[in-house]
Each structure stands twice: as structure tokens, then as C-alpha cells.
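Visitor: Hey, I'm new to this one. Can you walk me through it while I look?

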Amino acid sequence: MYDPYDMAYVGKVIKINNEGSAIVDFNGIRREVELGLVNAKIGDYVLVHAGYAIKVINEEDVKDELKNFIKSLK
């Protein structure tokens, strides 16, 4: 069963705020995200669930996953 609240998204940290939060870009959509669970810096990709970054993701892993997704569409 599809549950939109049980999903996580990958975004790129573009600005870190002083309060332990950051502005994260999700393919053009920017949202404030709490960083208390991870040690992220500007330029890192983070996996975000319910407004919290839960994992820092290697940029190469993000690119490989995107390539595989595009291949699956063909």
C-alpha cells in the first residue's frame, strides 16, 4: 500500500543555519531540514524523512542510483 508519509527523499545541502538546521534543495524545491541526526556540510547529499536528515549519502551513489533509475524507464 502506498503511504506518502513513509517516504524519504534525497536532497543537497545548500545552506546551514545556526540553529542546527539547513536549507536543502530537492531538485529545485528548497525546504528547511533538521540536521541533528547527521554531520552534514554544504554540498552533501542527505536522505530526508519527515523533515529530518537521517543519512549523509555519497554523491557517487546518488549518481549511480539516478543512472539506474533512468535505465529502468527505457
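Predicted model: local features only at pLDDT ≥ 70, side-chain atom pairs only at ≥ 80, totals over all residues.

Visitor: Is Val-38 buried or exposed?
Guide: Val-38 counts as buried because its relative accessibility is 17%, and the cut-off for buried is under 20%.

Visitor: OK, and which residues does Val-38 touch, leaving out those up to four places away in sequence?
Guide: Val-38 touches Ala-53, Ile-54, Lys-55 and Val-56. Take Lys-55: Val-38 and Lys-55 are 17 residues apart along the chain, and their C-alpha atoms are separated by 6.2 Å.

Visitor: What does Lys-55 belong to, and what stands opposite Lys-55?
Guide: Lys-55 is in S5, and Leu-47 stands opposite Lys-55.

Visitor: How do S4 and S5 pair up?
Guide: S4 and strand S5 (residues 52-57) pair in the antiparallel sense, over 5 bridges. They form a hairpin with 2 residues between the strands, and Ala-50 in that hairpin takes a positive phi near 55°.

Visitor: Switching topic: where is Ser-21?
Guide: Ser-21 is in strand S2, which covers residues 21-26.

Visitor: And is Ser-21 buried or exposed?
Guide: Buried: Ser-21 has a relative accessibility of 1%.

Visitor: What does the side chain of Ser-21 make a polar contact with?
Guide: The side chain of Glu-32, at 2.8 Å. If you set aside neighbours within four places in sequence, Ser-21 is in contact with Ile-16, Glu-32, Val-33, Glu-34 and Leu-35.

Visitor: What about Asn-17, where does that lie?
Guide: Asn-17 is in the loop between S1 and S2. Asn-17 is buried too, with a relative accessible area of 16%. Beyond its neighbours within four places in sequence, Asn-17 is in contact with Ala-22, Ile-23 and Glu-32. Glu-32 also came up among the contacts of Ser-21.

Visitor: Next, Gly-28: buried or exposed?
Guide: Gly-28 counts as exposed because its relative accessibility is 59%; the cut-off for exposed is over 50%. Gly-28 lies in the loop between S2 and S3. Gly-28 and Val-48 are 20 residues apart in sequence, and 15 Å apart in space from C-alpha to C-alpha.

Visitor: Now pockets. What volume does the largest pocket have?
Guide: About 430 Å³.

Visitor: Which element gives the most to the lining of the largest pocket?
Guide: H1, with 5 residues. Strand S1 (9-16), S2 and helix H1 (59-73) each supply at least two residues of that lining.

Visitor: Which residues line the largest pocket?
Guide: Among them are Val-10, Lys-12, Asp-25, Phe-26, Tyr-45, Asp-61, Glu-65 and Phe-69. By type, the lining divides into 6 nonpolar, 2 polar and 4 charged residues.

Visitor: Zooming out, how many helices and strands are in the chain?
Guide: There are 1 helix and 5 strands. Starting at the N terminus, the elements run β-β-β-β-β-α.

Visitor: What does the C-alpha trace span along its principal axes?
Guide: About 45 × 30 × 20 Å. The chain has 74 residues, and 26% of them count as buried.

Visitor: Last one: what share of the contacts with a separation of 6 or more comes from residues 24 or more positions apart?
Guide: Those residues account for 31% of such contacts in the chain.

How values were computed:
Residues numbered from 1 in each chain as written. Heavy atoms only, no water. Buried < 20%, exposed > 50% of the residue type's maximum accessible area, 1.4 Å probe, protein only. Contact = heavy atoms within 4.5 Å. Helix = DSSP H or I, 4+ residues; strand = E, 2+ residues; numbered from the N terminus. Polar contact = N/O pair within 3.5 Å; in protein donor to acceptor, adjacent residues only side chain to side chain. 1 Å grid on protein atoms, 1.4 Å probe; cavity = no way out; pocket = protein on both sides within 12 Å on 5 of 7 lines; lining within 4 Å. Points joined across faces, edges and corners; volume = space filled by probe spheres on them. Nonpolar A, V, L, I, M, F, W, Y, C, P; charged D, E, K, R; others polar. Pairing = 2+ DSSP bridges.
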